[in-house]
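Open the model in your viewer and keep the selection tool at hand. Here is a short tour, stop by stop.

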Amino acid sequence: MKLSPLTLSLLFVSTLPALAQSTPVGQNQIKEAETFVRAALGDDCEMNSRTDIPLNSTESEDVSHFVYEIKYSASYQAADEPEKRAELYQMFCGMGAYNLQHAFLLRDDESGRFQLVAFAQPKLAYDYADADMTKLNAAPTISGYT
C-alpha cells in the first residue's frame, strides 16, 4: 500500500514538513535500508524472498519501496536557518492474499542512521446490526489509538 502525500502530511502536521516522493536515492541506500529492516525485524520483514523490489513504482500491481523527502524547520531554529532534511523509507515487507506489510524507516541528514518508525493506529468501534456480525448499523467510529 502506497501512502499518499496527504496521508503523510497529516502524520507530520506537528512539524509542517514538505514532502516529495521520488527522492533521488541511490541503490546503495536502498540496499542499506533493506539490510537494516531485515536485521531489525527478521522474519516479520522477509520481503517475500524477493531481491528485485523496485523503488517508487507507479504500476498498480507492483510491490515497491517508496522514499519520501521531508523538509522542516525545528521549533528551536532561527527563521533564517536552512531547513532540516530527512527521508522516510516505506519498505515492502511482504504480502498475503489480501494485504501488504511495510516497515517505515527514518533517516535524517544529521545522523545519517536509520531508525524504525511506528505510527498510531486507530482503534475502531463497530455497531453490528445482527448476531452474525455481517451488517453494520452505522459506519465504524474511532474510539482511540494504539
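**Stop one: the aromatic rings**

Five aromatic pairs turn up in a search of the whole structure. Rings of Phe, Tyr and Trp (its six-membered ring) pair if their centres lie within 6.5 Å; planes under 30 degrees apart are stacked, over 60 edge-to-face, the rest tilted. This is a predicted model, where local features need pLDDT of at least 70, side-chain atom pairs need pLDDT 80 or more, and totals for chains, interfaces and linings use all residues. Residues are numbered from 1 along each chain as its sequence is written, and side-chain values use heavy atoms, leaving out hydrogens and water.

Select phenylalanine 36 and phenylalanine 114. Their ring centres are 5.8 Å apart and their planes meet at 40°, so this pair is tilted. Phenylalanine 36 sits in helix α2 (residues 27-41) and phenylalanine 114 in strand β5 (residues 114-117), so the pair ties together parts 78 residues apart in sequence. Helices (H or I, at least four residues) and strands (E, at least two) are DSSP runs, numbered from the N terminus.

Buried or exposed: which is phenylalanine 114? Phenylalanine 114 is buried, at 12% relative accessible area. Phenylalanine 36 is partly exposed at 29%. Buried means under 20%, exposed over 50%, partly exposed in between (1.4 Å probe, protein chains only).

Tyrosine 89 and phenylalanine 114 pair edge-to-face, 5.1 Å centre to centre with 80° between the planes. Tyrosine 89 lies in strand β3 (residues 84-95), so its pair with phenylalanine 114 ties together parts 25 residues apart in sequence. Tyrosine 89 is buried, at 0% relative accessibility. Now show Phe36, Tyr89 and Phe114 together: they form one aromatic cluster.

**Last stop: zoom out**

Colour by secondary structure to find two helices and seven strands.
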